[in-house]
Amino acid sequence: MAEAPQVGGAGRRLGELLVRQNLISIAQLKRAQDAQAKDGGRLGYHLIKTGAIEEHKLTEFMAKQYGVPAINLKDFEIDAEVLKLIPREIAEKHLVIPVNRAGSALIVAISDPANITALDDLKFLTGYNIETVVASEMAIREAIEHYYAEKGPSVADVLGEAEEQLSVSGAEEEESIVDLEKAADDAPVVKLVNLILLDAIKKGASDIHVEPYEKDFRVRYRIDGVLYEVMKPPLKLRNALTSRLKIMSELDIAERRLPQDGRMKLRIGQGREMDFRVACCPTIFGEKIVLRLLDKGSLQLDMTKLGFDEKQLKWFIDGIERPYGMVLVTGPTGSGKTTTLYSALQRLNRVTDNISTAEDPVEFNFSGINQVQMHDDIGLNFAAALRSFLRQDPDIIMVGEVRDFETAEIAVKAALTGHLVLSTLHTNDAPGTISRLLNMGIEPFLIVASLNSIVAQRLCRVLCQECKKEAPIDEQALIEAGVPPEEIGSFKVYEPGGCKTCNDRGYKGRLAVYEVMPFFDSLKELVINGASTAELKQEAVRHGMQTLRMSAINKMKAGVTSLEEVVGNTAPDRL
């Protein structure tokens, strides 16, 4: 294999040369070599991954060392005819990509110009004389993914086709249902809707917003909690596109004055299915449609990967594995509470236990768990479902949300009569949940007797590990964020960069930050004595509870997230 020389002599020489030029330290080289021994691959790749040297500096060094030009592949557009000269499997095997052709010479970008085996293979395969330019391994991998990807029709192609073939007027409020159905079934509209849905899945979006305005019509994706505009279809496609989405969701396309909710399912590739929850809402310029993507395949139910610290995870598991009592998960809408509860249910899902859940809506279905969808219009609310569950010989009950006194009262009574109750609540932090329950009308002695633990959470965006870069340390900003002054300088702070891996956003994925508060005996005493939320928080921290801000700061110190995310997603601690 082409990687063998790099692991041995060439890799060792590269490391020695970089140390000799004072571009890296011996300790940094050792870290990269350890990573290489563990994961394989080339030393240069691990030097960049471990932060020993910046990508562009390594490329410049290699170019100077071998006397060949360096190239930034992001600034270069490679012709399709040139790409055909080297198949993808060869490009991946030798980590090269053809860049240009000049007479009898083929210019290829390579991360290791000393790899004679690769150059000989390319010469034999193509019949061209091979000339090399240097690019980093990461840049070449990204270019291979980008250029060799199977490309479907582009947004511009589909929109152009739709504009040419579709003749729908701009103000068609009087349009007949037959016309709308016909327009919605036209090939360009079907293609455009499919493109929007598949592109959202590919980009890892959690929601799609299709929004009509007076003179505009736009589509936005929510990716890692932030909305990005992705396209502006022509205004005349508005009704045809929304009608197509409503038909796919089995909604009434004749009803444009009332909100409607539906679902649709899409099959993608080999056996993979994607569910969409669809909400249609009338606005003054037409119907806005929001689609929530529910991908069970990407649902993370492994508790160790949700974002818990070691002690927090131990406390949380201790709370949910008691035979009875109540565990509450709190946080704003979209903070990942449902995922945390689902991960708890997955752990508790045993043949020996009867588990029932009341949800609004049921987002994912699980084998072995009895899930009930709420229907307020016929009187099936959380309180009614809870009453029903208690007659079903339950062991574990999950209630989507404690919204009122009636639901809270039944949940507390269930927890006191030998059942484990899991639920969510909307409060800012764990200690504040006590005040919320008291305000609902639950007596302090019932809270003390029924609660096992409270978990508060938020979601922070994770820095893209391919392009994150070290940020200058602003001591004042770190102190204001809650970092103890004596710890400043003992860790690195990173900020988002931007690359093809993360679509130039600098972030890729999200992770929860938690505040887990077991109900210690001293906290029970404070609740009975009517202590304030601040006093409860102070006592919990004394017992070792990490606040949301503390947890977020730990993730920043570990290089997982940025200071911007810490400050933007968690409130400062006021102890």
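User: Happy to dig in! What should I know about the model and its numbering?
Analyst: This is a predicted model, where local features need pLDDT of at least 70 and side-chain atom pairs count only at pLDDT 80 or more, while totals for chains, interfaces and linings use all residues. Side-chain values use heavy atoms, with hydrogens and water left out, and residues are numbered along each chain as its sequence is written, from 1.

User: How many salt bridges does a search of the whole structure find?
Analyst: A salt bridge here is a side-chain nitrogen of Lys or Arg within 4 Å of a carboxyl oxygen of Asp or Glu. With that criterion, the search of the whole structure gives a total of 26.

User: Which helix holds both Arg141 and Glu137?
Analyst: Their side chains form a salt bridge at 2.7 Å, N to O. Helices (H or I, at least four residues) and strands (E, at least two) are DSSP runs, numbered from the N terminus. Because Arg141 and Glu137 are four residues apart, about one helical turn separates them in helix H9.

User: Is Glu137 buried or partly exposed?
Analyst: Buried means under 20% relative accessible area, exposed over 50%, and partly exposed in between (1.4 Å probe, protein chains only). Glu137 has a relative accessible area of 6%, so the term for Glu137 is buried.

User: How many residues apart are Lys288 and Glu211?
Analyst: These two side chains meet in a salt bridge at 2.9 Å, N to O. The pair links distant parts of the chain, with Lys288 in strand E9 and Glu211 in strand E4, and the separation is 77 residues.

User: Where does Lys557 lie, given its salt bridge with Glu487?
Analyst: The N to O distance of this salt bridge is 2.2 Å. Glu487 sits in the loop between helix H20 and strand E17, so the pair ties together parts 70 residues apart in sequence, with Lys557 in helix H23 (residues 548–557).

User: What arc do the buried residues of H8 cover?
Analyst: In helix H8 (residues 116–126), the buried residues are Ala118, Leu119, Leu122 and Thr126. They lie on the same side of H8, because the arc around the axis is only 95°. That arc is taken from the directions from the helix axis to the C-beta atoms, and its value is 95°.
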